[in-house]
Each structure stands twice: as structure tokens, then as C-alpha cells.
Amino acid sequence: MNGDFSLEQWLDVALEATGEVATTALGGEFRVTHLEPPDPSIRTGAYIPLRSADQSLLVGLLGTESTCRKLARTLLGMEDEPEGDPSDPDVADAVGEIVNMLAGGIQRRMNGNDSRVELGLPIFVRGAILPTRRMEATMAGVVFDDVEAELLMFREPLTARGDHR
Amino acid sequence: MKILVVDDSKAMRMIVRRALRQAGFDGHSVEEASDGKEALAAIQRSRPDVVLTDWNMPEMTGIEMLEALREQNIDVRVGFVTSQSTPEMVQRARDAGALFLLAKPFTPDRFKAVLEPVLQ
């Protein structure tokens, strides 16, 4: 059970997992620049749902179209190929894979904490997700080498029946 | 040696191919499949020596594919390369005869250490 886990604690775990993805799969440096409440600006990026026994979460790695393209190029090893550019589906696939690995890192860390976290499948979104009244949200600015992005996290407690309402 | 890389993410299939090259396993023939069902057909057709597969995929998951292979008495060596890793998954993979379950993301050293005993 992790109902006593605050959103900030979830974000800390997510940032640690993001750092792991940055230094292994993306092969670069990683730092957190700032923490702030999310704003409803239009962004591009990938989200993945996570679910524990008593909480539903959504983690997003977001930025501009250029941010996502740069992250995709890095993941796909295309940094040294100025001519080649990943297609839109390849960018969506690559950024989705980054959040998939990030969520796997959260799962491994939380499942070692006497709890169970299940993952959904990533989706790629151009737009803004607006939290409902029941959802808490937080955001951190992150930098992968010189690529600035945002890690967004939503949390909603589940009812005793295990669903949202 | 013939290696089949199975993942619904094209990006991940490219990453596994690159990791194989970076780990020095570049003399092998590598084929790809994008889900368990496609992989099952490819294995029945071309009998690879090693299958590196994701777990969670549409149509047929990696573990369903492995269990189907065992039911058909096809004794190909299979290892999982997957983001998700729970004790239940590890146990189910082990029960089905998987060689390993390598969690993503992985370092080049970790990838080489896990694959070396299989590919050498």
C-alpha cells in the first residue's frame, strides 16, 4: 500500500527513475532545474498511467516538438546524422519508450517498498491535460544534457472499490 | 548465430540492435518481429538461436509467446528485455524456461554481461 505516499514523494521517485533513463538509455547528464505547479500550456510529449492499490497516477515527459525530436534522436542514436530526421511516428514511439522505461523504474523502486504498481501503455499527446478536482498535479523542470523538458505528474486516490468514482 | 528481436516499439528494436553491436555481438544475423504472434510465426519459420523479447505487447505478449513455444516443444532460447519487472514476472519467466529478464533501461556493461554467456 502506498496511500500515505505524497505526490511529492512520487515525484522524487519519478525523478530518480528519469535520471536513470537519462544516464543509461540516453547516455547523457541529467539535472532537475525547478519544481512548480503545472500550468495548462499546450505541450507535446508522452504520458503513461500507473496504478497502485489505492492510487491512480499519470506521468508525462513533455516539452516542445523540438524537445521531443531531440530526445528521439538521442534515444535512436541519430545525433551524428544531421541529414536523417525521425518521422513523427518514430518520435512518438521513442518518447513513449522513454516514459515506458521511466515508469518501469518507478515500478521497480515502489515494488521494493512493500507495494504493487501496475503500468499501462504510453500515449503521445499534443495538447494539455487538465486535472479534475480530485487530481493533484505537480511538475519539475528537467534537463537531459542541453535538452530542457518537464516531468508532469498527476495523482488521484482510488475509492475502496478500486475505481475512480 | 541467428537472433530474433521482438518488441512493438521500433525504437526499442533499434536500441537492442545497437546494444548488440556496442557489446561486440555484431557478427550475428538479427531479425525483428513486432509482437508475440509475429515472433511465433518467425520462430516456426526460421528457428533463430536466441530470442530477445519485450514482455508487454499487443496481439500476444512475450510470455504468452514463450509458453506457446514450450507447448509446441520448440526449444529456442528466450530472454526478456522489458521495462516492467515484478517478482511474479520473474517467476513466470523462469517457470517457462526463460534465460533472463533484463530490465530497461540497461547500461552497455549490464547488457553485455547478461548476453555474453548466451551468445558466446
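Some conventions to begin. Residues are numbered from 1 along each chain as its sequence is written, and chains are lettered from A and ligands numbered from 1 in the order in which they are written. As the model is predicted, local features need pLDDT of at least 70 and side-chain atom pairs count only at pLDDT 80 or more, while totals for chains, interfaces and linings use all residues.

On confidence, the predictor gives the complex an ipTM of 0.86 and a pTM of 0.90.

Next, chain B. Helices here are DSSP runs of H or I, at least four residues, numbered from the N terminus. Helix α1 of chain B covers residues 10-22. Buried residues in α1(B) include M12(B), I15(B), V16(B), A19(B) and L20(B); buried requires 20 or more other C-beta atoms within 10 Å of the residue's own, with C-beta atoms placed from the backbone. After α1(B) comes G24(B), with a positive phi near 90 degrees.

Now the contact between the chains. It takes 19 residues from chain A and 16 residues from chain B, counting two residues as in contact if their C-beta atoms, placed from the backbone, lie within 7 Å. On the chain B side, α1(B) gives the most, with six residues.

Which helix of chain A packs against α1(B)? That is α3(A), at an angle of about 70 degrees, with the axes 7 Å apart. Axes are lines fitted to C-alpha atoms over the stretch in contact, and angles run from 0 to 180 degrees between N-to-C directions. The two helices are therefore roughly perpendicular (65 to 115 degrees). D90(A), D93(A), A94(A) and E97(A) of α3(A) meet K10(B), A11(B) and M12(B) of α1(B).

Within chain A, α3(A), residues 88-111, also packs against α2(A), residues 65-75. Their axes come within 9 Å and cross at roughly 75 degrees, so this pair is roughly perpendicular as well. From α2(A), C68(A), R69(A), L71(A), A72(A) and L75(A) take part. Their partners in α3(A) are D90(A), V91(A), A94(A), V95(A), E97(A) and I98(A).

Terms used
Angles under 35 degrees count as roughly parallel, over 145 as roughly antiparallel, 65 to 115 as roughly perpendicular and the rest as oblique. The expected span of a helix is 1.5 Å times one less than its number of residues. A residue is buried if 20 or more other C-beta atoms lie within 10 Å of its own, exposed if 12 or fewer, and partly exposed in between; C-beta atoms are placed from the backbone.
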